[in-house]
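Biologist: I would like to go through the labels attached to this model and ask what each one rests on.

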Amino acid sequence: MIIRKLFKFENTHIVRDCSTIRCRSSIHGHSYKIELLFESDFLDNAQMVYDFGLMKDNMKTLVDSFDHGITLWNQDSDEYIADMKKHSDRWVVLPVSPSCEQFSRVIFLMIDRVLELTRGINGERDVKLHSIIVHETDTGYAQCFREDAYSQKMGIIDLNDIIFSDAIKADWKDKDLFEKLKRGEQFVNPDSV
Ligand SMILES: Nc1nc2c(c(=O)[nH]1)N=C([C@H](O)[C@H](O)COP(=O)(O)OP(=O)(O)OP(=O)(O)O)CN2
């Protein structure tokens with residue numbers, strides 16, 4: 001069975017080198033819709049695959065980190081990156097260009113790591129991240145499956161190369177969340193949310 005949780009955020013970017021002129025030459029924003037799809041053959045003690053409420057802790061924190069921020073590609077010009085950081089407290093630097101394809105890969109890697117490191121305490125079994133869908137507009141989306149997220153052909157993405165600004169981290173309940181994720185520390189789900 002597959003279950004799906006939808007999150008939303010507002011984010012701005014420029015996507016260098018694409019064919020769409022407005023997209024490559026003007027900073028613009030999107031109201032992103034992010035779908036997290038999980039699968040399991042089993043149900044937990046509440047006869048759910050994975051309680052939606054549990055997704056509103058670390059998973060939502062990471063997705064919401066992009067809200068009202070600008071996403072920057074670390075290969076963009078130093079001048080552009082410095083200027084954007086000067087005018088926006090909330091920025092994320094990625095090792096990849098912020099197309100919706102790469103957004104979906106980045107978010108897959110983060111959510112997959114959270115799931116891998118989180119111990120469920122309500123009988124959750126064999127829950128796997130099926131895919132991430134990133135809707136950039138009402139008419140265009142990318143869906144990332146496991147093989148895409150870890151694809152050498154598309155380029156390996158290293159979590160160590162993702163940088164959240166201090167203003168973003170200041171909003172996190174656990175300021176050390178991403179460091180813990182990168183170090184592989186275990187999380188335990190609460191019994192109530
Ligand atoms: N495969 C991709 N194509 C495009 C991406 C992308 O991430 N992946 N991104 C863009 C731009 O960001 C652009 O803002 C969105 O393009 P488009 O779908 O053309 O947006 P519109 O709102 O103009 O779409 P309509 O269907 O005409 O309303 C470009 N391409």
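Modeller: Helices (H or I, at least four residues) and strands (E, at least two) are DSSP runs, numbered from the N terminus. Residues are numbered from 1 along each chain as its sequence is written. The model is predicted: local features need pLDDT of at least 70, side-chain atom pairs count only at pLDDT 80 or more, and totals for chains, interfaces and linings use all residues.

Biologist: Where does Asp-17 lie, and why is Asp-17 called exposed?

Modeller: Asp-17 sits in the loop between strand 1 (2-13) and helix 1 (21-25). A residue is buried if 20 or more other C-beta atoms lie within 10 Å of its own, exposed if 12 or fewer, and partly exposed in between, with C-beta atoms placed from the backbone. Asp-17 has 8 C-beta neighbours inside 10 Å, so Asp-17 counts as exposed.

Biologist: What makes His-68 partly exposed?

Modeller: His-68 has 15 other C-beta atoms within 10 Å, and therefore falls in the partly exposed class. His-68 is in the loop between helix 2 (58-64) and strand 3 (69-73).

Biologist: What is the phi of Asp-17, and what is that of His-68?

Modeller: Asp-17, although not a glycine, has a positive phi of about 70°. His-68 is not a glycine either, and has a positive phi of about 50°. Most residues other than glycine have a negative phi.

Biologist: How do you know that strand 6 pairs with strand 2 and with strand 7?

Modeller: Two strands pair if DSSP finds at least two bridges between them. Strand 2 (residues 28-39) and strand 6 (residues 128-135) run antiparallel and are joined by 7 bridges, with Ile-133 of strand 6 as the bridge partner of Glu-35. Strand 6 and strand 7 (residues 141-145), also antiparallel, share 5 bridges; there Val-134 has Ala-142 as its bridge partner. A hairpin through 5 residues links strand 6 to strand 7.

Biologist: What makes a set of residues a nonpolar core, and which have the most contacts inside the largest one?

Modeller: A nonpolar core is a set of buried Ala, Val, Leu, Ile, Met, Phe, Trp, Tyr and Cys residues joined through C-beta atoms within 7 Å. The largest nonpolar core has 39 residues, and Val-106, Ile-107, Phe-108, Ile-111 and Ile-132 have the most contacts inside it. Helix 4 gives the most to this core, with 10 residues.
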